[in-house]
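My notes follow in the order in which I checked things.

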Amino acid sequence: MSVPPGLASPPGGAVYGAGMNLQPVVTVVLTEAPLSLDAAFRSVLLPACGGTALFVGTTRSPNQGQVVEKLEYEAYEELAGPAMERVAREASARHGLGAVYLAHRVGVVPQAEPSVVVAASAPHRAEAFAGCRELIDELKRTVPIWKKEHWADGGRWVGLPEGEEVHPA
């Protein structure tokens, strides 16, 4: 089988979507309102992208032996939005994504409701999956958003040293 002119793989293998010259569509949302899975899906739906991956993080209970009644999120909003935009643009470039949607709630999030929704689309599924994975991992690692678990008899900030509190500027 012959390969049509201009479609030969570069050294090291094909880069899917390499000839598309897509400028990624990036949507970033930081809100107290409930998150919409439909909005996430629709925002990354592009004709050039045949693969879409979606991750939804919800409030779970129990966690580490405690009944979690709700989660509370605080963000340093002046930095969180630009940081989410940076995460989206870097993942888009690295994985050839056509569109990215990053949404995170702040305030109180009851049990089983989404706290975070991440969606990525790409010409092929492998890139969409890899991009989605990087998006949630980098959002959790680098964006200044903090989570507090509320229990019937107390609570704790997740990921902070014992006794340390969150006080965004």
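I started at V118 and, leaving aside its neighbours within four places in sequence, I found it in contact (heavy atoms within 4.5 Å) with A53, L54, F55, Y101, L102, C132, L135 and I136. I note that this is a predicted model, in which local features need pLDDT of at least 70 and side-chain atom pairs count only at pLDDT 80 or more, while totals for chains, interfaces and linings use all residues. Residues are numbered from 1 along each chain as its sequence is written, and side-chain values use heavy atoms, with hydrogens and water left out.

I then looked up the nonpolar cores, meaning sets of buried Ala, Val, Leu, Ile, Met, Phe, Trp, Tyr and Cys residues joined through side-chain atoms within 4.5 Å, where buried is under 20% relative accessible area with a 1.4 Å probe, protein chains only. The largest has 29 residues, and V118 is listed with L97, L102, L135 and V143 as having the most contacts inside it. Two or more residues each come from β3 (70-75), α2 (77-95), β4 (99-105), β6 (114-122), α3 (125-142) and β7 (145-151), and α2 gives the largest share, 6 residues. Apart from this core lies another, of 8 residues, including L35, A40, Y101 and V117.

For the whole protein chain, I noted 3 helices and 8 strands, which are DSSP runs (H or I, at least four residues, for helices; E, at least two, for strands) numbered from the N terminus. Buried residues make up 36% of the 169 in the chain. Among contacts between residues at least 6 apart in sequence, I recorded that 76% join residues at least 24 apart.

Note on methods
Buried means under 20% relative accessible area, exposed over 50%, partly exposed in between (1.4 Å probe, protein chains only).
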